[in-house]
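User: I'm new to this one, could you walk me through its aromatic rings?

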Amino acid sequence: QVQLVESGGGLVQPGESLRLSCAVSGISFYQYDLAWYRQTPGNERAFVAALTPGGYTRYADSLKGRFTISRDTAKNTLYLDMDGLKPEDTAVYLCNAKKTIPPRWDYWGQGTPVTVSS
């Protein structure tokens, strides 16, 4: 059974940092592109960052330099380090795993909420 379980969200003040984690089970990191998305009420999920099996990273243009995606293969965990948080970063952050070859299975976690407010 595939599971993606996010954690680490919470309430922070503007300018602070936060690390999100996504514990992944049931799949191999080496067969899936891993990514973070975020969603606010009434809006579609927005791409945040991605990490390929080969270690290539990609970020939403507006988030480059503040957010960092990484993984620990020994712990089967994906991370998102967020620095210099702004109120507009407030959202539910979701972890995604997408198989790189057919069948292109696509899995999502339930999300972890992040609120940036003073």
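Analyst: Counting rings of Phe, Tyr and Trp (its six-membered ring) as paired if their centres lie within 6.5 Å, the count comes to three aromatic pairs. This is a predicted model, in which local features need pLDDT of at least 70, side-chain atom pairs count only at pLDDT 80 or more, and totals for chains, interfaces and linings use all residues. Residues are numbered from 1 along each chain as its sequence is written, and side-chain values use heavy atoms, with hydrogens and water left out.

User: How is the pair of tyrosine 32 and tyrosine 107 arranged?

Analyst: Their centres are 6.2 Å apart with 45° between the planes, which makes the pair tilted; planes under 30 degrees apart count as stacked, over 60 as edge-to-face and the rest as tilted. Tyrosine 32 lies in strand 4 (residues 32–39) and tyrosine 107 in strand 10 (residues 106–108), so the pair ties together parts that are 75 residues apart in sequence. Strands here are DSSP runs (E, at least two residues), numbered from the N terminus.

User: Is tyrosine 32 buried or exposed?

Analyst: Tyrosine 32 is buried, at a relative accessible area of 4%, whereas tyrosine 107 is partly exposed at 25%; buried means under 20% relative accessible area, exposed over 50%, and partly exposed in between (1.4 Å probe, protein chains only).

User: Switching topic, what lies over the face of tyrosine 79?

Analyst: Arginine 19 does, at 4.2 Å from the ring centre, where the rule asks for NZ of Lys or CZ of Arg within 6 Å of the ring centre and within 35 degrees of the ring normal. Tyrosine 79 itself is buried, with a relative accessible area of 11%.

Methods: Helix = DSSP H or I, 4+ residues; strand = E, 2+ residues; numbered from the N terminus.
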